[in-house]
Amino acid sequence: MRCPYCDVDNDRVLDSRASEDGGAIRRRRECLSCHERYTTYERVERSAPRVIKKDGTRVPFDRMKIQQGIERACWKLPVDESQVDTIVREIEVVLENRNDPEITSQEIGELVMEYLRELNQVAYIRFASVYRAYRNIRDFVQELQPMLEEFKSDSTIAPHPPTSYRK
Ligand SMILES: [Zn+2]
């Protein structure tokens with residue numbers, strides 16, 4: 001470990017113990033060059049899971065894809081960047097806390113929908129219509145029916161989604 005005081009990489013470990021919650025190993029070190037003491041923590045690395053796509057291929061988790069999907073769904077709606085960013089970050093935390101190295105793209109989609117449903121129902125409908133396209137359309141319409149009633153007089157629904165959204 002490189003010494004934070006003199007930058008020399010020559011130290012000895014004086015003491016190693018588990019942190020209180022057991023989630024880390026705490027090591028007390030002494031620099032053999034300048035004799036300053038410092039502490040390091042060793043933790044298990046929690047990384048974002050790999051995503052299993054519908055065709056079975058696995059790709060690294062890509063937060064930009066989630067962000068763009070949400071932005072498309074929120075096109076021209078009263079949703080600002082920070083709200084989108086908050087959702088993306090919350091989803092990342094949920095994924096990290098699952099402690100599962102893999103997740104299906106469908107599970108991620110369902111997760112995004114949960115947040116969009118809270119945020120803005122129009123965005124939710126747009127996202128769901130793309131995401132659940134492979135499912136029985138009748139189930140989808142049934143699910144949307146109560147919401148569609150609410151929106152009949154709502155002028156914020158864009159008559160046509162942008163072409164980039166249509167896929
Ligand atoms: Zn040193």
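The questions and answers below explain how several descriptions of this predicted model follow from their definitions.

Residues are numbered from 1 along each chain as its sequence is written, and side-chain values use heavy atoms, with hydrogens and water left out. Because the model is predicted, local features need pLDDT of at least 70 and side-chain atom pairs count only at pLDDT 80 or more, while totals for chains, interfaces and linings use all residues.

Q: What makes up the secondary structure of the protein?
A: The protein has six helices and six strands, where helices (H or I, at least four residues) and strands (E, at least two) are DSSP runs, numbered from the N terminus. Along the sequence these elements follow the pattern β-β-β-β-β-α-α-β-α-α-α-α.

Q: Which residues are the protein donors of the zinc ion, and what makes them donors?
A: A donor is an N, O or S atom within 2.8 Å of the metal (3.2 Å for Na, K and Ca), and since water is not among the atoms, sites may look incomplete. The SG atoms of Cys3, Cys6, Cys31 and Cys34 lie 2.3 to 2.4 Å from the zinc ion, so they count as its protein donors. In sequence, the spacing of these donor residues is C-x2-C-x24-C-x2-C. Cys6, in the segment before β1 (11-18), and Cys34, in the loop between β2 (24-31) and β3 (37-43), are 28 residues apart, and this pair links distant parts of the chain.

Q: Why is the arrangement around the zinc ion called tetrahedral?
A: Four donors count as tetrahedral if all angles lie between 85 and 135 degrees; four count as square planar and six as octahedral if opposite donors are over 155 degrees apart and all others between 65 and 115, and anything else is irregular. The four donor atoms here subtend angles of 105 to 115°, and therefore the arrangement is tetrahedral.

Q: Why do Cys6 and Cys34 count as partly exposed?
A: Buried means under 20% relative accessible area and exposed means over 50%, with partly exposed in between (1.4 Å probe, protein chains only). Cys6 has a relative accessible area of 28% and Cys34 has 30%, so both fall into the class in between. Across the protein, buried residues make up 30% of the 167 residues.

Q: What makes the approach of Asp11 to Arg29 a polar contact?
A: A polar contact is a pair of N or O atoms within 3.5 Å; within protein, one must be able to donate a hydrogen and the other to accept it, and residues adjacent in sequence count only if both atoms are side-chain atoms. The side chains of Asp11, in strand β1, and Arg29 come to 2.9 Å, and so the pair counts as a polar contact. The side chain of Asp11 also reaches the backbone nitrogen of Met1 at 3.2 Å.

Q: How do you know that β4 and β5 pair?
A: Three bridges join strand β4 (residues 50-52) to β5, and the two run antiparallel. Since pairing asks for at least two bridges, these strands meet the definition. Val51 stands opposite Val59 in β5. The open sheet they belong to has the order β5-β4-β6 with mixed pairing, and its edge strands are β5 (58-60) and β6 (102-104).
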